[in-house]
Structures are given as C-alpha cells and as structure tokens.
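User: I have a structure on my screen and want to learn how to read it. Can you take me through its features one at a time?

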Amino acid sequence: MISYNILSAHQFGFRKNHSTNLALINVIDEIYKHLDNYQNIIGIYLDLQKAFETNDHEILLCKLYRYGVRGSVYEWFKSYLSVYVNCTCSEFGDVKCGVPQGIVLGPLLFLLYVNDIQNCVPSIPIELYAVC
C-alpha cells in the first residue's frame, strides 16, 4: 500500500513511522501558517465511538474496488466481511457493518474506509489518527 500511495498523507493511524506526535506537529504547523497570515482558524475534533463497528460493508467494498481490489481477492473480502465481525462467525443473518478487530486487517480496512474523507474539503488538510 505504501508503494502505491493509497493512504492519504494526512493519515497517521496504524502506519509505520507515523504517530500522534507527527499528526500534532502538522496541525500546529497549519495553525501557525494561518496565524502568520492573519487568517481565522477552526478546529473540529471527532471521536468516533465504536468506529470499527460502523463501517458499512457495501461502502467498504466499493472503496476497495476503487482502490484496485478485483477478482478473487475482491470476492474473498466480500465473503470475509459477510461472515466475520469481531472474530466471531455470524450464523443468524447477514452482517452489514463492522470490520474485524484484534487482527492487522481490521485497522487497515478502517483506514481505507475513512481515507477519502479528505475529498470532502480538498482545500483543507484533515489530519486523521485512529487508535484501538
């Protein structure tokens, strides 16, 4: 994923050589830039409670497809998401939301799910950081 530059440069969670410190440095740098230019600044901080459990599978699969996941790998993800959530097998019906937790794939899928939020306001950098 790193070699393909899929993740936003403003995504700091669950990534090697990225940290809350680097995210904070970026935010402070942006604040000082705007203050130096006598511009207004606003900060909005969101804490997504149970964020891993809210990932809609259809949206996630759409995003995976857009990122180039195709063929048997795409079908594997489709099957995986419909059967496993929170490392327990769903036997009673379709599971439509959530990504697995406690394994490397869960955070990665969450990062891909929120990665394009920057496209909502392309002129404003949005720093992203996720923790379990």
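Analyst: Let's begin with charges. A network of salt bridges joins Lys63, Arg66 and Asp116. Keep in mind that this is a predicted model.

User: What is the general idea behind such pairs?

Analyst: Opposite charges on side chains can pair when the charged atoms come close. Now the case here. The side chains of Lys63 and Asp116 meet in a salt bridge, with N to O at 2.8 Å. This pair links distant parts of the chain: Lys63 sits in helix α2 (residues 57-66), while Asp116 sits in the segment after α4 (105-114), 53 residues apart.

User: Which residue forms a salt bridge with Asp116 at 2.7 Å between the closest N and O atoms?

Analyst: That is Arg66. Again the pair links distant parts of the chain, with Asp116 in the segment after α4 and Arg66 in helix α2, 50 residues apart.

User: Is Lys63 buried or exposed? And what about Asp116 and Arg66?

Analyst: Use the cut-offs: buried is under 20% relative accessible area, and exposed is over 50%. Lys63 has 11%, so it counts as buried. Asp116 has 19%, so it is buried. Arg66 has 54%, so it counts as exposed.

User: How many salt bridges does a search of the whole structure find?

Analyst: The search finds 3. One of them joins the side chains of Lys33 and Glu30, at 3.0 Å from N to O.

User: How are Lys33 and Glu30 placed in their helix?

Analyst: Start with the general rule. An α-helix has 3.6 residues a turn, so residues three or four places apart point the same way. Now apply it. Lys33 and Glu30 are 3 residues apart in helix α1 (residues 20-36), so about one helical turn separates them. Lys33 is partly exposed, at 41% relative accessible area. Glu30 is partly exposed too, at 22%.

User: How do I check the length of α1?

Analyst: Compare its span with the expected one. α1 has 17 residues. From its first C-alpha to its last, α1 reaches 24 Å, close to the 24 Å expected at 1.5 Å a residue.

User: Now the faces of a helix. Which residues of α2 are buried?

Analyst: They are His57, Leu60, Leu61, Lys63 and Leu64. Look down the axis of α2: these buried residues fall within an arc of 160 degrees, so they line one face of the helix. Glu58, Cys62 and Arg66 are exposed on the other side of α2.

User: What caps the N-terminal end of α2?

Analyst: Asp56 does. A side-chain oxygen of Asp56 lies 2.9 Å from the backbone nitrogen of Glu58.

User: Next, backbone angles. What should I expect of phi?

Analyst: Most residues other than glycine have a negative phi. Now look for positive values here. Gly68 follows α2, and its phi is positive, near 105 degrees. Tyr38 is not a glycine, yet it has a positive phi of about 55 degrees.

User: Where does Tyr38 lie? And is Tyr38 buried or exposed?

Analyst: Tyr38 lies in the loop between α1 and α2. It comes just after α1. At 77% relative accessibility, Tyr38 counts as exposed.

User: What else can I find in the loop between α1 and α2?

Analyst: Gly43 has its place there. Gly43 is partly exposed, with a relative accessible area of 48%. Now try a distance. Gly43 and Ile31 are 12 residues apart along the chain, and their C-alpha atoms are separated by 9.3 Å.

User: Which residues form a nonpolar patch on the surface?

Analyst: Leu24, Ile28, Tyr32, Leu35 and Ile41 form it. Together they have about 470 Å² of accessible area. Take Ile28 as an example. Ile28 lies in helix α1. Its relative accessible area is 36%, so Ile28 is partly exposed.

User: Let's zoom out. How many helices and strands does the protein chain have?

Analyst: The protein chain has 4 helices and 2 strands. Along the sequence, the pattern is α-α-α-β-β-α.

User: And what share of the protein chain counts as buried?

Analyst: The protein chain has 132 residues, and 29% of them count as buried.

Conventions
Residues numbered from 1 in each chain as written. Predicted model: local features only at pLDDT ≥ 70, side-chain atom pairs only at ≥ 80, totals over all residues. Heavy atoms only, no water. Salt bridge = Lys/Arg side-chain N within 4 Å of Asp/Glu carboxyl O. Buried < 20%, exposed > 50% of the residue type's maximum accessible area, 1.4 Å probe, protein only. Expected span 1.5 Å × (residues − 1). Arc of directions from axis to C-beta. Polar contact = N/O pair within 3.5 Å; in protein donor to acceptor, adjacent residues only side chain to side chain. Patch = residues over 30% accessible without salt bridge, like charges linked within 9 Å, V, L, I, M, F, W, Y side chains within 5 Å. Areas by Shrake-Rupley, 256 points an atom, 1.4 Å probe, with all protein chains shown as cover.
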